[in-house]
Amino acid sequence: VGHNPMARLAMFFGYLGLSLFMILTGFALYSEGTGVGSWHDRLFGWVIPLFGQSQDVHTWHHVGMWGLICFVIIHVYAAIREDIMGRSSVVSTMISGHRTFKD
C-alpha cells in the first residue's frame, strides 16, 4: 500500500529478485566448501555449471551485492524526496509517529 505500479515492480525485481539471486548464488558458492554429496551440493550444486565455473558465480554474486546496495541507496533517496516533494509525510511519520498532509 502506498506504492504506485512502477514502484511495486521495482520493489519486486529490485529487492525480492536480487535477494533470491543472492541466496541462490551464495549457497552455491558455500556448497563448494562443504564438498560433493552434502545437502548444500545436492540443492545448489547445479548453479555453478549453469554459470560456467565458480569464478563466474562469484563475480555475479558480487555484482548482485552492488545491485542491492544501489537499490537501497536509490530507495532511501526516493523516499526522502517523496517526503519533501509529496503531499504526505511518509519518512517523517516513521520518525515522529505523527502523520501530516501538506495542502
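Predicted model: local features only at pLDDT ≥ 70, side-chain atom pairs only at ≥ 80, totals over all residues.
Reader: How many residues does helix α1 have, and what distance does it reach from its first C-alpha to its last?
Author: Helix α1 runs over residues 5-34. At 1.5 Å a residue, 44 Å would be expected. The model comes close to that: α1 has 30 residues and reaches 42 Å.

Reader: Which residues of α1 are buried, and what covers them?
Author: To count as buried, a residue needs a relative accessible area under 20%. In α1 that holds for G14, S19, M22, T25, A28, L29 and S31. What covers these buried residues includes α2 (39-44), α3 (47-51) and α4 (54-85).

Reader: Which residue just after α1 takes a positive phi?
Author: Helix α1 ends at residue 34. Just after the helix, a phi of about 95° is found at G35.

Reader: How many aromatic pairs are there in the whole structure, and how are the rings of F27 and W39 arranged?
Author: A search of the whole structure finds 4 aromatic pairs. In one of them, F27 and W39 lie 6.3 Å apart, centre to centre, with 55° between the planes. This pair links helix α1, which holds F27, to helix α2, which holds W39, across 12 residues of the chain. The arrangement of F27 and W39 is tilted.

Reader: Are F27 and W39 buried, exposed or partly exposed?
Author: Partly exposed lies between under 20% for buried and over 50% for exposed. F27 has a relative accessible area of 31%, and W39 has 44%. Because these values fall between the two cut-offs, F27 and W39 are partly exposed.

Reader: Which residues do ring pairs link into a cluster?
Author: F27 and W39 form an aromatic pair. With ring pairs as the links, the cluster consists of F27, W39 and F44.

Terms used:
Residues numbered from 1 in each chain as written. Heavy atoms only, no water. Helix = DSSP H or I, 4+ residues; strand = E, 2+ residues; numbered from the N terminus. Expected span 1.5 Å × (residues − 1). Buried < 20%, exposed > 50% of the residue type's maximum accessible area, 1.4 Å probe, protein only. Contact = heavy atoms within 4.5 Å. Phe/Tyr/Trp six-rings, centres within 6.5 Å; stacked < 30°, edge-to-face > 60°.
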